[in-house]
Structure formats: C-alpha cells, structure tokens
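Hello,

Here is the structure I promised to pass on. Please open it alongside this note; my findings follow below.

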Amino acid sequence: MDNLRAATPAHVAVRRVASETVLLNLETGVYHGLDVLGSDFLSALEDHRTLAAASRALARSYGVSCDRTYEDLERFCRQMADRGLLELSGG
Amino acid sequence: MWHASAFGLHISGSFPAPGLEELEEPGGQQRRRPTVLRIGSDKEIDRLAAGATGDRTLIDRSLAGTRMRITQEARGAYLILNEHYGCFRVSADGGEVICVPHELPAWYWQRFLVGQVLPLAALRHGLEPLHASAVELGGRALLCLGTSGAGKTCTALHLVARGAGFLADDVVAAEVGSEGVLAHPGAALASVDPGELERLATRSELGSWTRLGMMQGEVRLRARRAGPDAVVTNGLYVLVRDDDARELTVQPLPGNPVASLLGATFNAYVDDPQRLLVQLDVCTGLSEAAATRHVMVPRHAGPSEVADAILADAAALRR
C-alpha cells in the first residue's frame, strides 16, 4: 500500500476557484466539483508521490490519525477513479 | 459591403442588417476574428451538404411550437434549420455564415441570426458566448444573468438610462484576456417590453433609439452601443425572481459560481475538448476575477429598483 499512487489523467482539466476545485473530464464533457476538503486531498496527491505520503501530510495538517486519513484518502481516490478523474497505479 | 464588430468578430456582409451594418468599421487595438455573412439559396445549401457523409444530428426539437434542427456535417460545418426563420450554415471555423432566410423583414429574421447563429460563429472562433445582458460602467463590464423572464434586458436598459453604456442584450461573447475576462459588445439591438420602454424613453437616451418593429410582444430596438471594444468584466449579477421573497437583496452568490456560469453558456452540443477548455477557463476566470452576486427579486420589485440595487453594489465594489 505504500506505493499506491494517484494522478490526474491528461483528459482531465483542473482549475482552482477560491478554496474549491472544478474538474472537467474532456472525454465526457462532464464537470465535477470538489469542496474544500476534496480540494485539499487533491492538492496533497499532487504534492506527494504516494497516497501514504499524502495522507501523512494531511494527517499532520488536520491533526488526525494517519490510518484514518489514509482510509479516507483511498476511498476518495477510488471514487474519483470510478469517475475517470484519477488514475491509480502501484500499490 | 459593410463591416462591423460584434461578439468579438469582424463581420462583413452585403445585405441590409439593421443593428449590424451601421456599426463601426473595426479598428483599434483589439483583434477580431473575421466572419463573412452572405445570403445563399436552398440549392447552395443542398449542394454543400451533398456528398457530406456522417452528418450528426445535434438538436432536433420543437420550442414554443417551432421546430429547430442542428446538424454537423462530417467536415465540421453546422447547419441550423429553424422552421420560423430559415436555414443557416456556419463553417467549422466560424469564418463564413450562409443565410437562407424565409421571406421576412431583415430585422425580424436577423433576431435569430444575432441571437443564435453569430454566437455559434463566435464560439467556433474560440470565444465563449454567455446568455447575459451587459453594460459598461466606469470602464468595466457588468453582466446581468438569469433565466428567461428574470429581467436581464430591462435591468440592463434601466442601467443605461442611469448613465451606463449599452454593451449587449441577451448574448455576450466572453474571452480570457491578460487583465481578466473580456466581455465583447454584441449587436446594437435589444428587445424590450413596450410598457417598460415607454417608462424609459421619456427620461433617457433610449427615447432616441430606433424602433424596428414588434416581435413576440416586445419592441425590437436599434440601440446605441458604448463602443466596439471589449471591456474587462468585474461584476456578475444573477437575477432570481422569487415571489415569496420579502425584499430585494444583493448578496454574494452562494456556492461555487462556476455552476451558475456554466448554466449561462450556449451550445452545449459543441463539446470538443478545445471548446470545453475555453468554457472552463472563461467560467473559472469570471468566478475568480469578477464579483459574483445573487440578486433576489421579489414580486413587487421592478427592473428600476433592481438597477438601483446593482448600481449601489457596484459603487461599493469600486470603493
């Protein structure tokens, strides 16, 4: 699990709007929105190579346990991947 | 041949087009994309369509009893058939529009040209048309958005009566620029409720605007535009009528403004990645750079009060 990675695929455009995020899947033409928490998750994934590293950073930032954060982050990644907004690799 | 600037386009044509042909010869600093308008024939449209295989029907529906069908040829051109107004062909790059109107007065069928066909040409040139009326105030554009009947036009004209410059009625072509999102002026045309026009005409320059005729219960006017150049947008006002509301309020738009802006865009059937990215950048750019306001309009409030509230809010923004 330490090597699980998530990245935004080339067909997804990401734009920050204030503290939220708008994602556009250029293959389907469907827009998606992320609230503040989802935007923080996505930023952490962009800033760190693995989910494990991203969840450690988020856990520090939010003052919660690493295990709980990892679970939440992994669930977020799976839901995003189901919508074609993230690609998962490694793991 | 006349030349005009509207929707960010350098439009050329050789047939009578009130509200277009009298506009300024394009010039100045701003780049405009060339679009040639001409009158064609059914035979020409048939000939152009002949041999085109793989046409896609994008829209086929009746709206208020009028059938409209839009198809895209395999080569990329769009064919728009409107039972009421005629047939129009927009080239894939937006550079040529062939009009085959029914036998109607020019100002009458050109409402469809200005309201639907030219926005598609602008879109194919890389601009993003928005359903909005717009005025220029203090060198910046204010856009009024809202559903049909929300009062976009009347509010904009009341703002003009208070000294704002007229930019566009119903369609604004937007583009991301270096200083923000630019709002390109539309045609010098507006449609307004006759009663509202009477109230405005007695005490403003709107009284000198030429009346072209009556159409669908509204007066079609040849307007006087603020100028040909695009203006940076700094205010978006989404008008929402609510009969249960007690007072007129102007508040920051709740939620993510991008959703409201996407709802104001045109031509959802054009969904190639290039267009979608322009749409995304215009909507997020406006959300970031312009104040976005939700204007709750109660039953008792007319466009005059709405215009006053917007002016007060815009003045507070400038401070």
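**What I found**

Start at B:Leu20. Leaving aside residues up to four places away in sequence, B:Leu20 touches B:Trp2, B:Ala4, B:Ala6, B:Ile11, B:Leu37, B:Leu113, B:Val114, B:Leu118 and B:Ala187. Bear in mind that this is a predicted model.

B:Leu20 also belongs to the largest nonpolar core, which has 44 residues.

Now chain A. Three strands make an open sheet there, ordered E2-E3-E4, with antiparallel pairing. Strands E2 (12-17) and E4 (30-34) of chain A stand at the edges. Each has a single partner strand, so one side of each lacks a neighbour in the sheet. From one strand to the next, the twist averages 20°. Strand E3 of chain A (residues 20-25) is joined to E4(A) by five bridges. A:Asn25 faces A:Val30 of E4(A) across that pairing.

Helix H6 of chain B, residues 273-289, lies across E2, E3 and E4 of chain A. H6(B) runs at about 10° to E2(A). Its length checks out: at 1.5 Å a residue, the 17 residues of H6(B) should span 24 Å, and the end C-alpha atoms are 24 Å apart. Buried residues in H6(B) include B:Arg275, B:Leu276, B:Gln279, B:Leu280 and B:Cys283.

Best regards

Note on methods
Residues numbered from 1 in each chain as written. Chains lettered and ligands numbered in written order. Predicted model: local features only at pLDDT ≥ 70, side-chain atom pairs only at ≥ 80, totals over all residues. Heavy atoms only, no water. Core = buried A, V, L, I, M, F, W, Y, C linked by side-chain atoms within 4.5 Å. Buried < 20%, exposed > 50% of the residue type's maximum accessible area, 1.4 Å probe, protein only. Contact = heavy atoms within 4.5 Å. Pairing = 2+ DSSP bridges. Helix = DSSP H or I, 4+ residues; strand = E, 2+ residues; numbered from the N terminus. Axes fitted to C-alpha atoms, helices over the stretch in contact; angles between N-to-C directions. Expected span 1.5 Å × (residues − 1).
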